[in-house]
Amino acid sequence: MSETQQKTHDTRSDTGFFGQPGVLANLFGVELWERFSFYGMQGILVIYLYYSAAEGGLGIDEGVATGIVGAYGGAVYLSTILGAWFADRLIGPERTLFYAAVCVMAGHVALALLPGLVGVGVGLVLIALGSGGVKANATALVGSLYDEHDSRRDAGFSLFYMGINIGALIGPLLTGLLQKEIGFHWGFGAAAVGMALGLTQYALFRGRLPEETLHVANPLPDGRVVRYVVGAVVMLALIGVLVWADVITADRLADIVIGISLVAAVAYFAVILLDKQVTGVERSRIFAFIPLFVCNVVFWSLYQQQFTVVAIYADKRLDRDLLGWEMPVAWVNSINPVFIIVLAGVFAAMWTKLGDRQPVTPLKFGAGTALMGVAFFCFLPMPGGENTAPLLGIVGILLVFTLAELLISPVGLSAATKLAPKKFATQMVALYFLSIALGTALAGTLAGYYDEAAEAPFFIWVGLAAVVTGVVVMLASKPIHKLMAGVD
């Protein structure tokens, strides 16, 4: 056995972290702090954009603010494709994760220290690029800790997922408190410090990861690297010109991300379906994925309203009085992670117990999307006055959000991998992330139609759109399942 093979064997046979390989603690930690910074920043972002200068904000129009948040969220998922490409073609997953985490930290520092829209622009671009790189490669690095027959794999991923939700829970609690008591830039600064802690911890122990995580799976030929660099410079120059010419503006960002995501998705589907090496069974499975893709877009366009409409609702409608002390707006974003931590295991146990009797994938997709629509109907009986809606009411609504998420989100990536042709396994995962990018950007555009002075029509129409989509997919579950050609 070579030295490299021995190192990989020692890493995988280790049981130092709750019976898992000890280096999992490093990946657990960096993902916890990355999610802490990501959700902590996002919890206060929309109110920072539309609060007046007297309140510490930028005074941007509310509709433009939600569009920026939606465009940013969509760009995070778009950049997962870039992060995966860097790992596969240039520097490998381990180095990509490290430099992506540096990019995230730099983005949070920019938000904390640079004033006004300059800080927002520089910060959000860096965080979106970095978060996409972390998201694309952290899961792959966790997978590298186990061989294909290791029975600890699912438990290891469950621990890793727990780190994500712990970070998502505590991030908004701290940044929201700092924003309320001291100011927005202190909240953004806390996100930067959290990411710095995660990056420092990761840097100290990254050498313990298996050697294969340094390998580039499909390296670019030497001559082509220069071509890509030139292409990237030209693209950046073009973007700069479009910004200078007021073609790319803040109020158009969400629509631009929607357009890019839509074109990329259509192109991906066309490339896969038209490839001559894709078999008839594989092509049938691609056709089955199309209605699931659409359903996922609708789901995420409502689910991601947590950072737009729900944040505005928490600011202007919710009674946040806790024994005479006003709860920070961002704390509402910590409710969903609590429910995820409590209920994720319950759902996993339920599906395991049901076994072959559990609903097929199209039914889960349809039910999750329809339930997401029902969550928006639940806003209708809430009191309509300023800061009069009860806290327990929003807790109940976010419980419905979580139940919908657990029906569709965990099975989405699984469905993409199960339905993927052998030649396009990675591209199918990219397609899945494109559906989230499209839905997240669409959430920002839809939020622009929310008006707290007349909010009932918004809740009715977006809720109805999700319910109808979900019901249609459930009614069509048999033909969709048939197209899946043996995949459940």
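Hello everyone, a quick word on the ground rules. We have a predicted model here, where local features need pLDDT of at least 70, side-chain atom pairs count only at pLDDT 80 or more, and totals for chains, interfaces and linings use all residues. Residues are numbered from 1 along each chain as its sequence is written, and side-chain values use heavy atoms, with hydrogens and water left out.

Let's start with helices, which are DSSP runs of H or I with at least four residues, while strands are runs of E with at least two, numbered from the N terminus. Axes are lines fitted to C-alpha atoms, for helices over the stretch in contact, and angles run from 0 to 180 degrees between N-to-C directions.

Helix α2 (residues 24-50) packs with helix α6 (residues 184-205) at about 165 degrees, their axes 8 Å apart. So α2 is roughly antiparallel to α6; that label is for angles over 145 degrees, with under 35 roughly parallel, 65 to 115 roughly perpendicular and the rest oblique. The crossing is left-handed, as the near helix is turned anticlockwise from the far one by less than a right angle; clockwise would be right-handed.

Now compare α11 (residues 335-354) and α13 (residues 391-419): their axes come within 9 Å and cross at roughly 40 degrees. These two helices, α11 and α13, are therefore oblique to each other, and their crossing is right-handed.

Leu323 sits in the loop between β1 (321-322) and β2 (325-326), and has a positive phi near 55 degrees although Leu323 is not a glycine. Asn387, in the loop between α12 (361-377) and α13, also has a positive phi, near 50 degrees. Are they buried or exposed? Leu323 is exposed, at 90% relative accessibility, whereas Asn387 is partly exposed at 28%. The cut-offs are under 20% relative accessible area for buried, over 50% for exposed and partly exposed in between (1.4 Å probe, protein chains only).

Finally, the rings. The structure holds 30 aromatic pairs, meaning Phe, Tyr or Trp rings (six-membered ring for Trp) with centres within 6.5 Å; planes under 30 degrees apart are stacked, over 60 edge-to-face and the rest tilted. Phe376 and Phe379 form a tilted pair, 5.8 Å centre to centre with 55 degrees between the planes, and both are buried. Ring pairs also link Phe376 and Phe379 into a cluster including Trp300, Tyr313 and Phe401.
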